[in-house]
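Visitor: I would like to learn how to read a protein model. Could you take me through one, feature by feature?

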Amino acid sequence: MVLADAEFDSEANHEHIRQRLGAKSIIPARRRGVPNGAIRNQMFRAFPKKPYRQRNKIESVFSAVKRKLSSRAPGRSLTTQIRQALLLGLAYNIYRLRHRFAHRGCQQSLSVAFKWVRERVV
């Protein structure tokens, strides 16, 4: 399932998501009136509000990662940017684990958090 802003509302985007990626697209219409295109028209007439609300959680995590770690991936190639984004995600998860242990009253070190991650990744 792909949830996106109205900024990405186009028939081409809906078709790409549904045909190439094999996922359901949920993108609100960006204009007033009935939009052109079969998928956009269907989305306009029966917009799935409940699943779209889940997007709020995603945006909250993106915001937290940007605040805590970094707001960009400065790599020049797409491959480098993807690696940097994955490392940011890993770093954020470790940050969350560390603070999760701290809030429980445990004096867990970062090495314990790394061990916890290693056990689940391998």
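Visitor: What share of the residues of the chain count as buried?

Guide: Of the 122 residues, 21% count as buried. Keep in mind that this is a predicted model. Buried here means under 20% relative accessible area.

Visitor: How confident is the prediction, and where is confidence lowest and highest?

Guide: Look at the pLDDT, the predictor's confidence in each residue. The chain averages 79, and 78% of the residues score at least 70. Confidence is lowest in helix α6, residues 110-121, with a mean of 60. It is highest in α1, at 92.

Visitor: How many helices and strands are there in the chain?

Guide: Six helices and two strands. Then read their order along the sequence. The pattern is β-α-β-α-α-α-α-α.

Visitor: What share of the contacts join residues at least 24 apart in sequence?

Guide: Count the contacts between residues at least 6 apart in sequence. Of those, 35% join residues at least 24 apart.

Visitor: Now a helix. Which residues of α1 are buried?

Guide: Start with the general idea. An α-helix has 3.6 residues a turn, so residues three or four places apart point the same way. Now the case here. E11, H14 and I17 are the buried residues of α1. They cover an arc of only 135° around the axis, which puts them on the same side of α1. On the other side of α1, A12, Q19 and R20 are exposed.

Visitor: What covers the buried residues of α1?

Guide: The cover includes β1 (2-3), β2 and α2.

Visitor: What follows α1?

Guide: G22 follows α1. Check its backbone angle too. The phi of G22 is positive, near 70°.

Visitor: How do I read a pair of helices? At what angle do the axes of α1 and α2 cross?

Guide: Look at two things, the distance between the axes and the angle. Helix α1 spans residues 11-20, and helix α2 spans residues 38-45. Their axes come within 8 Å and cross at roughly 95°. That makes α1 roughly perpendicular to α2, because angles of 65 to 115 degrees count as such.

Visitor: Which residues of α1 and α2 meet?

Guide: From α1 come E11, H14, E15 and R18. From α2 come A38, I39, R40, Q42 and M43. The contact has three nonpolar, two polar and four charged residues.

Visitor: Which residues in α2 are buried?

Guide: I39, R40 and M43 are buried. Seen down the axis of α2, its buried residues fall within an arc of 100°, so they line one face of the helix. On the other side of α2, A38 and R45 are exposed.

Visitor: What do the buried residues of α2 pack against?

Guide: They pack against α1 and β2 (25-26).

Visitor: Let me try a loop. Where does V34 lie?

Guide: V34 lies in the loop between β2 and α2. It counts as partly exposed because its relative accessible area is 47%. Next, compare separation in sequence with distance in space. V34 and R45 are eleven residues apart in sequence. Their C-alpha atoms are 8.4 Å apart in space. Leave aside neighbours within four places in sequence, and V34 is in contact with N41, F44 and R45.

Visitor: Is R55 buried or exposed?

Guide: R55 is in helix α4. It is buried, with a relative accessible area of 13%. Do not count residues up to four places away in sequence. R55 then touches L3, A4 and D5.

Visitor: And I58? How far is I58 from L3 in space?

Guide: I58 is in helix α4, residues 55-68. Its relative accessibility is 39%, so I58 counts as partly exposed. I58 and L3 are 55 residues apart in sequence. In space they are 9.4 Å apart, C-alpha to C-alpha.

Key:
Residues are numbered from 1 along each chain as its sequence is written. This is a predicted model: local features need pLDDT of at least 70, side-chain atom pairs count only at pLDDT 80 or more; totals for chains, interfaces and linings use all residues. Side-chain values use heavy atoms; hydrogens and water are left out. Axes are lines fitted to C-alpha atoms, for helices over the stretch in contact, and angles run from 0 to 180 degrees between N-to-C directions. Helices (H or I, at least four residues) and strands (E, at least two) are DSSP runs, numbered from the N terminus. Angles under 35 degrees count as roughly parallel, over 145 as roughly antiparallel, 65 to 115 as roughly perpendicular and the rest as oblique. Contact means heavy atoms within 4.5 Å. Ala, Val, Leu, Ile, Met, Phe, Trp, Tyr, Cys and Pro count as nonpolar, Asp, Glu, Lys and Arg as charged, and the others, Gly among them, as polar. Buried means under 20% relative accessible area, exposed over 50%, partly exposed in between (1.4 Å probe, protein chains only). The arc is that of the directions from the helix axis to the C-beta atoms. pLDDT is the predictor's confidence in each residue, from 0 to 100.
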